Amino acid sequence: MNKPKLIFFVILFLPVVLGMGYYVSQFYYINTSPPCFIKVSTNVVSGIGPITVEINNLQSSDKAAYENLCRYVDHIVELPCLAGDTVVNTDPKLFDPKIQGCFVKGSKTIYLKPLNQETNPTPDRVEALKRYATISKEYWSTQSN
Amino acid sequence: MVCPVCNQSQVVTKNNRLFCNSCLIYIGTLPENAKSSNPGPTNPAVASVVHTETRFSTQKLNDQPIKGRSLAIIKNLTGVFVALVVLVTTFFSYFFYADFENGCYIKIYPSMNLEFSNGTIISGLKVLKRVAFSDYKKVCERIKTIRTDVSCAGYGGGCHYSSDNQTIYVSSSRENLVAAATIIVHETCHEIQSYEKRPGDEIECYQADDKIYQKIVIH
């Protein structure tokens, strides 16, 4: 490829590549060693910072749990997770404040309870990551596909 | 000698083969006695040998470049065709849910509020297929279209209009997989009520989606 053509392609594709890089950095947790690629849906204000720190904490504290997370979880959603429809289900367990999230069967998605005022990562959520990654592993180990 | 393909430029030797600088293709091989041990650009000595001694049939000369060019064109067209198929398939897979094994085909319209939740709806259907197959079969039997626009239940809800057969509205957010799966089941329940000519009963449908919550969520 001659030089003017190369410059043309660089000018054309550089913004696209940079834009994609920015998007991925804002919405994905990425690590190369060991390979880990997880979509993170969180609120725009706190961003993926706290979840990234929590995942890194899990990596340093429990390597096996971290590997489970990377292998059996592909999407972390920061939203409250109810296990019933509150219109007809009055089970008080649905609103237990100790519940830190959930695993969605049939998917590799887990929910994490959003942080309240503080944006600091919490040990509870690190434990929740570990727990739901283990549940996901157990679920997918028993599935044929 | 002049290139017999383009009749424009002199043939030169390159890598012990005859090369046309105008067509940018090899048009034939040198006879053994004319091959140079020093491959490179035009070798005047060899060129003269070619001019005076080499005699090959016109048929042979013309066949090779045409075959080469045809192959190149076919290769290029194949690449473009494959890229086009991949693009079109990727594009339409966002607007259609197809499960050939169970004969389940559902159109999913994009939302006007740019929620881009079609992918989540498709994931919700897959969750139902894996975890609540009987409910999934009901969805497949009764629903042909899912619209993701905000409707009567507002943002994050769902809706079914009895006048709009086999169509449900699911406006769950892009992230909320649980909501997508449960709303699909809730609105399918209304579609079944409508199909069976029963009055709309919200409690029955809330109970149906509550069962799905309990099936798919593990705390």
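This is a predicted model: local features need pLDDT of at least 70, side-chain atom pairs count only at pLDDT 80 or more; totals for chains, interfaces and linings use all residues.
Buried area is the accessible area that two parts lose on being put together, summed over both.

**View 1. Where chain B meets chain A.** Let's start at the interface, where the area buried between chain B and chain A is about 2,100 Å². Carbon and sulfur atoms give 62% of that area. The contact draws on 29 residues from chain A and 20 residues from chain B. What kinds of polar links cross over here? The rule finds 11 residue pairs in polar contact across the interface of chain B and chain A, while it finds 0 salt bridges there.

**View 2. The side of chain B that touches chain A.** Look for α3, α5, α6 and β9 (217-218) of chain B, each of which supplies at least two residues of this side. Which of them gives the largest share? That is α6(B), with 9 residues. Sorted by class, the side of chain B that touches chain A has 10 nonpolar, 6 charged and 4 polar residues.

**View 3. Inside the largest nonpolar core.** In soluble globular proteins, nonpolar side chains tend to be buried together. Here the largest nonpolar core holds 36 residues, and I106(B), L128(B) and I146(B) touch the most other members. Both chains take part: β4 (101-104) of chain A gives two or more residues, as do several elements of chain B, including β5 (104-109), α3 (118-131) and α4 (133-142). The biggest contribution to this core is from α5(B), with 7 residues. Now zoom in on I106(B): leaving aside its neighbours within four places in sequence, I106(B) is in contact with residues including F95(B), F96(B), Y97(B), L125(B) and V139(B). The contacts of I106(B) also include I143(B), K144(B), T145(B) and I146(B). A second, separate core has 26 residues, among them L58(A), A65(A), Y66(A) and Y139(A).

**View 4. A closer look at R142(B).** This residue is found in helix α4 of chain B. Is R142(B) buried or exposed? R142(B) counts as buried because its relative accessible area is 14%, and buried means under 20%. To find a partner for its side chain, turn to E191(B): the two side chains make a polar contact at 2.8 Å. Leaving aside neighbours within four places in sequence, R142(B) is in contact with E191(B) as well as Q166(B), I192(B) and Y195(B).

Technical notes: Residues are numbered from 1 along each chain as its sequence is written. Chains are lettered from A and ligands numbered from 1 in the order in which they are written. Side-chain values use heavy atoms; hydrogens and water are left out. A nonpolar core is a set of buried Ala, Val, Leu, Ile, Met, Phe, Trp, Tyr and Cys residues joined through side-chain atoms within 4.5 Å. Buried means under 20% relative accessible area, exposed over 50%, partly exposed in between (1.4 Å probe, protein chains only). Helices (H or I, at least four residues) and strands (E, at least two) are DSSP runs, numbered from the N terminus. Contact means heavy atoms within 4.5 Å. Buried area is the accessible area (1.4 Å probe) that two parts lose on being put together, summed over both. A salt bridge is a side-chain nitrogen of Lys or Arg within 4 Å of a carboxyl oxygen of Asp or Glu. A polar contact is a pair of N or O atoms within 3.5 Å; within protein, one must be able to donate a hydrogen and the other to accept it, and residues adjacent in sequence count only if both atoms are side-chain atoms. Ala, Val, Leu, Ile, Met, Phe, Trp, Tyr, Cys and Pro count as nonpolar, Asp, Glu, Lys and Arg as charged, and the others, Gly among them, as polar.
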